[in-house]
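Morning, everyone. I have one model to go through, so please have a look at the sequence and the structure first.

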Amino acid sequence: MIAINNIIFPPSTKDITKSNQQHRSYSKSTIIKILEFQKQHGLNNTKLALHYKLSRNTVSKWKKLFVV
């Protein structure tokens with residue numbers, strides 16, 4: 001039923017992008033690299049979140065967990 005609905009009404013790219021972003025996970029080393037990128041480029045949490053398409057809350061949580 002869902003497959004037929006997707007053929008008739010293909011999901012928009014915005015829906016696909018949102019779905020893919022909700023299920024991402026990051027390793028500890030990747031998180032540390034992202035936070036180091038923030039420090040090197042002098043970005044605040046909001047600008048870093050926009051750059052990597054993250055939540056500002058995620059960035060602040062990472063900063064609390066992994067003090068860089």
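Ser-27 is partly exposed, with a relative accessible area of 36%; buried means under 20%, exposed over 50%, and partly exposed in between, with a 1.4 Å probe and protein chains only. Ser-27 sits in the loop between helix H2 (13-22) and helix H3 (28-41). Helices here are DSSP runs of H or I, at least four residues, numbered from the N terminus. The side chain of Ser-27 makes a polar contact with the side chain of Thr-30, at 2.9 Å. A polar contact is a pair of N or O atoms within 3.5 Å; within protein, one must be able to donate a hydrogen and the other to accept it, and residues adjacent in sequence count only if both atoms are side-chain atoms.

On provenance: this is a predicted model, where local features need pLDDT of at least 70 and side-chain atom pairs pLDDT 80 or more, while totals for chains, interfaces and linings use all residues. Residues are numbered from 1 along each chain as its sequence is written, and side-chain values use heavy atoms, with hydrogens and water left out.

Next, H4 (residues 45-52). Asn-44 caps the N-terminal end of H4, with a side-chain oxygen 3.2 Å from the backbone nitrogen of Thr-46. Just after H4, Lys-53 has a positive phi of about 55 degrees.

Which residues of H4 meet H5? They are Asn-45, Thr-46, Leu-48 and Ala-49, against Arg-56, Val-59, Ser-60 and Lys-63 in H5, where contact means heavy atoms within 4.5 Å.

Methods. Helix = DSSP H or I, 4+ residues; strand = E, 2+ residues; numbered from the N terminus.
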